[in-house]
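Here are my notes for your review. Please read them with the coordinates open.

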Amino acid sequence: MPAFKSDFLRTMSERGFIHQTSDDAGLDNIFAKETVTAYIGFDATAKSLHAGSLIQIMMLHWLQQTGHRPNDAIMVNNADWLMEINYVNFLRDVGRHFSVNRMLAFDSVKLRLDREQSLSFLEFNYMILQAYDFVELYKRLGCRLQMGGSDQWGNIINGIDLGRRMEDAQLYALTTPLLTTSSGAKMGKSASGAVWLDAEMLSPYEFWQYWRNTEDAD
């Protein structure tokens, strides 16, 4: 891992939060010289985030602490632009920048196909929509960095490429290691379900018990 000069990346590196970036030197340079706007996309289908999102939430905290945006966090709903899309226009203006060959090569797709697991058209198109979200946030809020778990790398890289093709923009990616057990399984699940961060869905005592009962190897 390189020696970062910017406070944010140096702190993230020291805490073991960095799995991969799209451009170590370039990202470090803008963090050292500019106020950087970054975002993380969360699945809002449940009433609460769960323990698996803790690393990303902590990254947003340190982004604030080191003087970058969101100083006052902004929550946006991608339905604000996705629901306005004309499908034919979207295929013409955005879809033409994506190669099906390349999309099939991403691990998130390739592993499903190798295991002969069903992959819906909606799921296959998710990476295009996430890439488009990145471009829209760049246009609306000047967002130049997308952060997320390492399993989101391919989707984020698609957004960087789309931003370059559509807006001639230099965008960046930063991913974190996934929060996993020693066996490699994702953490954030208990015998009774997800380890929610909302006290109304999981009491503080139950939250503490989950971590108290976690094996030392994890």
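This is a predicted model: local features need pLDDT of at least 70, side-chain atom pairs count only at pLDDT 80 or more; totals for chains, interfaces and linings use all residues.

1. Sheet order. Four strands make up an open sheet. The order is β1-β4-β3-β2, and the pairing is mixed. The edges belong to β1 and β2 (38-39). Each of these has a single partner strand, so one side of each has no neighbour in the sheet. As background, strands of a sheet pair through backbone hydrogen bonds, either parallel or antiparallel.

2. The antiparallel pair. Strand β1 (residues 20-21) runs antiparallel to β4, and two bridges join them. Threonine 21 has leucine 174 as its bridge partner in β4.

3. The pair β3 and β4. Strand β3 (residues 145-149) pairs with β4 in the parallel sense, over five bridges. Glycine 148 has threonine 175 as its bridge partner in β4. Glycine 149 has threonine 176 as its partner in β4. Between β3 and β4 the chain passes through helix α9 (residues 153-167). This β-α-β crossover is right-handed.

4. The pair β2 and β3. This pairing is also in the parallel sense. It has two bridges. Leucine 145 in β3 is opposite alanine 38.

5. Burial in the strands. How many of the five residues of β3 are buried? The count is five of five, and β3 is mostly covered. Strand β4 (residues 172-176) is mostly covered too, again with five of five buried. In a regular strand, side chains alternate between the two faces of the sheet. In β4, Tyr172, Leu174 and Thr176 point one way. Ala173 and Thr175 point the other way. All of these are buried, whichever way they point.

6. Helix α8, length. Does the span agree or disagree with the residue count? Helix α8 covers residues 121-141, which is 21 residues. At 1.5 Å a residue, α8 should span 30 Å. The C-alpha atoms at its ends are 30 Å apart, so the two values agree.

7. Helix α8, kink and end. There is a kink in α8 of about 30°. After α8 comes glycine 142, with a positive phi near 70°.

8. Second largest pocket. This pocket holds about 480 Å³ of space. It is lined by 14 residues. The closest to its centre are Ser108, Arg112, Asp151, Gln152 and Asn155. Both α7 (107-114) and α8 supply at least two lining residues each. Helix α7 gives the most, with five residues.

9. Most residues other than glycine have a negative phi. Which way does glutamate 116 go, positive or negative? Its phi is positive, about 55°. Glutamate 116 sits in the loop between α7 and α8. Its relative accessibility is 74%, so glutamate 116 counts as exposed. Aspartate 168 likewise has a positive phi, near 55°. This residue lies in the loop between α9 and β4. Aspartate 168 is exposed, with a relative accessible area of 69%. The cut-off for exposed is over 50%.

10. Two loop serines. Serine 53 is in the loop between β2 and α3 (54-65). Its relative accessible area is 9%, so serine 53 is buried. Serine 53 and leucine 178 are 125 residues apart in sequence, yet their C-alpha atoms are 9.2 Å apart. Serine 120 is in the loop between α7 and α8. With a relative accessible area of 30%, serine 120 is partly exposed. Serine 120 and alanine 38 are 82 residues apart along the chain. Their C-alpha atoms are separated by 30 Å.

Definitions and conventions: Residues are numbered from 1 along each chain as its sequence is written. Side-chain values use heavy atoms; hydrogens and water are left out. The expected span of a helix is 1.5 Å times one less than its number of residues. The bend at a residue is the angle between axes fitted to the seven residues ending there and the seven starting there. Buried means under 20% relative accessible area, exposed over 50%, partly exposed in between (1.4 Å probe, protein chains only). Two strands pair if DSSP finds at least two bridges between them. A crossover is right-handed if, with the strands pointing away from the viewer, the path from the first strand over the helix to the second runs clockwise. On a 1 Å grid over the protein atoms alone, a cavity is a set of points where a 1.4 Å probe fits but cannot get out, and a pocket is an open set with protein on both sides within 12 Å along at least five of seven lines; lining residues have an atom within 4 Å of a point. Grid points are joined across faces, edges and corners, and a volume is the space filled by probe spheres set on the points.
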